[in-house]
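Could you walk me through this structure, one selection at a time? I have it open in a viewer and would like to know where to click next.

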Number of protein chains: 2
Amino acid sequence: MRMNTQYLINGRHDVALTPLDRGLAYGDGVFRTFPVRLGKVHCWERHYRQLSEDCKALGIVCPQASLLQHDVALICGETELAAVKIIVTRGEGARGYAVPALSQPTRIVIKSAMPDYPEPHFTEGVRVHLCQLRLAEQPRLAGIKHLNRLENVLARMEWVDPKIADGVLLDAEGRVIECTMSNLFVRHGNTLTTPDLSRCGVAGVTRQRVLEMAPLLGLDAHVSNFDLDHLLAADEVIACNSLFGAWQVRHMGDRTWEVGTLAARLRNLLEQDE
Amino acid sequence: MRMNTQYLINGRHDVALTPLDRGLAYGDGVFRTFPVRLGKVHCWERHYRQLSEDCKALGIVCPQASLLQHDVALICGETELAAVKIIVTRGEGARGYAVPALSQPTRIVIKSAMPDYPEPHFTEGVRVHLCQLRLAEQPRLAGIKHLNRLENVLARMEWVDPKIADGVLLDAEGRVIECTMSNLFVRHGNTLTTPDLSRCGVAGVTRQRVLEMAPLLGLDAHVSNFDLDHLLAADEVIACNSLFGAWQVRHMGDRTWEVGTLAARLRNLLEQDE
């Protein structure tokens, strides 16, 4: 039986979100998603650090880690495994874009069932769609996991085939940036590269972990710009996020890659809590 | 005494918004703001048409006009004058960007007091700030009054001086686009020009009305790209939106414009309900 989605707003079951919340009005907030096992967040310190940095970039006061951890423990209880999303908004405001002098951030913790990923996604790799939508360049918001996600929504509307696991997003210049719900890595020989996210894209915690663990797998890791041809010429392509870990991209359009070992090796390392 | 902000969600006072609403999660929705006098929306048909078109652009089913009009009448009652905002989101959804097969849009109607604009904004014109933030180009979202408004929020954070009425926004190429909460027109002789909004910006109802009424004032109206120098060289600069109508821009940085008559003449025509 699937778990019902449950949520806490500012730590309470009985508090409602109002349409005056700037999270709704303007997408004025940030979020993080991660697995929780028996009340314990996988890689909590990394997720909280990123949440804090994203809040800081928007001038939002990030709730204390202990408050959020308390909320997660309260809502997850003895649940064996859940997908939890934390949303922090700037809070309620009056009309207009001006930030209230005394805004009280809204913290929201949502517990859902872990997505029911097909087992072959892990054992055989996935098919991805090359999205038509091109990401806009906004250096002031690049990298931040903020609530302005219409580009991801429109990109995700480009396919309905359930055999497609995610969609690759390019920017207007044709640079590869990410997938709609994951970050990308390409391996050419011993070189592992992930796109530069200084103009657009979301910098996930798992992307950072993969960059750090690459040397353990004998790989030189780099962050740089590259185009679609560079992706197509890769020996292996990996999509990663905090919920599924890492999948090998096996098919995109006519391009097919042989089964490799990198995704499984990454998942093995990503399992560690750090 | 200031009016309390009130709202209806799906036509009801007793329905709460939940954090599963995609309007919060992704900014997956659109909005419109307008004045309401004694329950009657100024230029309702135009606002509803734009709301419907924006919904259509995102694949959201727009609520029927009669439902929204009923909500507005219910919440405004005998109120002499109010600022009303309609928000339509794609509704609640499960985890992930994929659009639910059977999503039920959420309609929200919020009544606030009309902003307390200083009288000199109308009689003497306004000062504007030239924003540092540059708008990103996303043709798929350009023109739409959607809920992804972090750029406006960040731009509005650039000034605190209450004497500054709005901020002028350029795109990354230096083209003039709009202000944070209004559209812009520049007059050079008998030519009135408003920026092309096919790459970024929000196309307001008042912008369209000004374009249509320009001939009544002996002006040739155009939509085209122009840069900051073209704005600085204008005989008159006008900011417009549905709440304040039209203001003359009198000061931006060191540039000062003489008091003109265009803003007042536009306001006079904009008063008409059509």
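Domain bounds, which we will need in a moment, come from an automatic or database domain assignment. With that in mind, select chain A: the assignment divides this chain into domain 1 (6–112) and domain 2 (119–270). Keep in mind throughout that you are looking at a predicted model.

**Stop 1: two domains of chain A**

Colour domain 1 and domain 2 of chain A separately. Their centres, taken over C-alpha atoms, are separated by 26 Å. Where they touch, domain 1 of chain A supplies 17 residues and domain 2 of chain A supplies eight residues. On the domain 1 side, the elements giving two or more residues are strand S2 (29–37) and helix H2 (44–58) of chain A. S2(A) gives the most to that side, with seven residues. By class, the domain 1 side divides into eight nonpolar, six polar and three charged residues.

**Stop 2: two loop residues with a positive phi**

Stay in chain A and go to A:Leu38, in the loop between S2 and strand S3 (40–41) of chain A. Most residues other than glycine have a negative phi. A:Leu38 has a positive phi of about 50 degrees, although it is not a glycine. Is A:Leu38 buried or exposed? It counts as exposed, because it has 12 C-beta neighbours inside 10 Å.

Now move to A:Cys43, in the loop between S3 and H2 of chain A. A:Cys43 is not a glycine either, and its phi is positive, at about 60 degrees. A:Cys43 counts as buried, because it has 20 C-beta neighbours inside 10 Å.

**Stop 3: where the chains meet**

Show both chains. A rotation of 180 degrees, with 0.0 Å of shift along its axis, superposes chain A on chain B with an RMSD of 0.0 Å. That is the relation of a two-fold axis. The same surface serves both copies, as 100% of the contact residues of chain A recur in chain B.

How many residues does the contact take from each chain? It takes 45 residues from chain A and 45 residues from chain B. To find the chain A side, select strand S1 (6–9), helix H1 (22–26), strand S4 (81–89), strand S5 (106–112) and helix H5 (150–156) of chain A, the elements that give two or more residues. H5(A) gives the most, with six residues. This side of chain A has 26 nonpolar, 12 polar and seven charged residues.

**Stop 4: the sheets of chain B**

Switch to chain B and look for an open sheet of five strands, in the order S1-S5-S4-S2-S3, with antiparallel pairing. Strand S1 (6–9) and strand S3 (40–41) of chain B stand at the edges with a single partner strand each, so one side of each is left without a neighbour in the sheet. Next, select strand S4 (residues 81–89) and strand S5 (residues 106–112) of chain B, which pair in the antiparallel sense over seven bridges. Here B:Thr89 stands opposite B:Thr106 in S5(B).

Then find strand S6 (residues 126–135) of chain B, which runs parallel to S7(B) and is joined to S7(B) by six bridges. One pair to click on is B:Arg134 and its bridge partner B:Leu170 in S7(B). Strand S7 (residues 164–171) of chain B is largely enclosed by the rest of the structure, because six of its eight residues are buried.

**Last stop: the nonpolar core**

Finish with the largest nonpolar core, which has 157 residues. Its members that touch the most other members are A:Val84, A:Val109, A:Ile238, B:Val84, B:Val109 and B:Ile238. Zoom in on B:Val109: leaving out residues up to four places away in sequence, B:Val109 touches B:Tyr7, B:Leu8, B:Leu68, B:Asp71, B:Val72, B:Ile75, B:Val84 and B:Ile86.

How values were computed. Residues numbered from 1 in each chain as written. Chains lettered and ligands numbered in written order. Predicted model: local features only at pLDDT ≥ 70, side-chain atom pairs only at ≥ 80, totals over all residues. Least-squares fit on C-alpha atoms with pLDDT ≥ 70 in both. Contact = placed C-beta atoms within 7 Å. Core = buried A, V, L, I, M, F, W, Y, C linked by C-beta atoms within 7 Å. Helix = DSSP H or I, 4+ residues; strand = E, 2+ residues; numbered from the N terminus. Nonpolar A, V, L, I, M, F, W, Y, C, P; charged D, E, K, R; others polar. Pairing = 2+ DSSP bridges.
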